[in-house]
Amino acid sequence: MDILLKSILIGVIPDVIFLSLFIIYSKKIQTRRVIFFILLLIDYIVTLIIFKYQTLFYILFIVIEYIILKLLYKKEIQLIDSFVITIPFLILFLMSCIYYFLIPNYMLACILEKITILIMIFLIKNKINIAYKTYRHLWNRTKEEARKIRSITLRNISLILMYIFIFLSDLVCIYIMNVR
């Protein structure tokens, strides 16, 4: 029971805070933030219990998070948001890998990583919405406006990055399962 409580307090809650704040800041969500956080927390815990150390955890969590957003914020959510949801997960994944492989003490690595991501989200909170608006603007097609990057190129890059994330997470999950 002690390990479960530590996992929730040190692992799950900071991750969900980071993921929910990233979406809240990127989309400038003003309503139902607490409900969004609670549903995300439930989603995270349930998918983690079902698919611990598996790539399916990331895929299912992202799909359910998109559904939660669609249910709570109906018209404000677009297809592009499925890729935006992946970005904080990619950041979380990369930070976890860096700390996991650099610091031999797992608990210390976990605590430092959680502190880093929470500090980072508050340092970049104003820039997240600007990046989201730029991404959304480039995502949408238009023939009237000349752009440096075409929307189809951005969509392909987004898909490729999502596939790379899934592949890398699968590799790390396999490594962790074989090492522990």
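Visitor: In what kind of interaction do the side chains of Glu113 and Lys114 meet?

Guide: The side chains of Glu113 and Lys114 form a salt bridge, with 2.9 Å from N to O; the term requires a side-chain nitrogen of Lys or Arg within 4 Å of a carboxyl oxygen of Asp or Glu. This is a predicted model, in which local features need pLDDT of at least 70 and side-chain atom pairs count only at pLDDT 80 or more, whereas totals for chains, interfaces and linings use all residues. Residues are numbered from 1 along each chain as its sequence is written, and side-chain values use heavy atoms, with hydrogens and water left out.

Visitor: Are Glu113 and Lys114 buried or exposed?

Guide: Both Glu113 and Lys114 are buried, a label given to residues under 20% relative accessible area, while exposed means over 50% and partly exposed lies in between (1.4 Å probe, protein chains only).

Visitor: How many salt bridges does a search of the whole structure find?

Guide: The search finds 2 salt bridges, and besides the pair already described, the side chains of Asp15 and Lys114 meet in one, at 2.6 Å from N to O. Asp15 lies in helix H1 and Lys114 in helix H5, so this pair ties together parts that are 99 residues apart in sequence; helices (H or I, at least four residues) and strands (E, at least two) are DSSP runs, numbered from the N terminus. Asp15 is buried, as is Lys114, and salt bridges that share partners join Asp15, Glu113 and Lys114 into one network.

Visitor: Which residues of H5 are buried?

Guide: In H5 the buried residues are Ala109, Cys110, Glu113, Lys114, Ile117 and Ile121. They cover an arc of only 130° around the axis, which puts them on the same side of H5; the arc is taken from the directions that run from the helix axis to the C-beta atoms. These buried residues pack against H1, helix H4 (80-102) and helix H6 (125-139), where contact means heavy atoms within 4.5 Å.

Visitor: What span does helix H5 reach from its first C-alpha to its last?

Guide: Helix H5 (residues 106-123) has 18 residues and reaches 26 Å, close to the 26 Å expected at 1.5 Å a residue, an expectation computed as 1.5 Å times one less than the number of residues.

Visitor: Where does Lys28 lie, and what is its phi?

Guide: Most residues other than glycine have a negative phi. Lys28, which lies in the loop between helix H1 (2-27) and H2, has a positive phi near 50°. Arg32 is found in the loop between H1 and H2, its phi is likewise positive and near 50°, and it counts as partly exposed because its relative accessibility is 40%.

Visitor: Which residues form a nonpolar patch on the surface?

Guide: The patch consists of Val34, Ile35, Ile38, Leu39, Ile42, Val46, Ile49 and Ile50, which together have about 730 Å² of accessible area. Val34 belongs to helix H2 (residues 33-50) and counts as exposed because its relative accessibility is 59%. Patch residues have over 30% relative accessible area and no salt bridge, like charges being joined within 9 Å and nonpolar side chains (Val, Leu, Ile, Met, Phe, Trp, Tyr) within 5 Å; the areas come from the Shrake-Rupley method with a 1.4 Å probe, and for residues only the protein chains shown count as cover.

Visitor: How many helices and strands does the chain have?

Guide: The chain has 7 helices and 0 strands, and buried residues make up 38% of its 180 residues. Among contacts between residues at least 6 apart in sequence, 66% join residues at least 24 apart.
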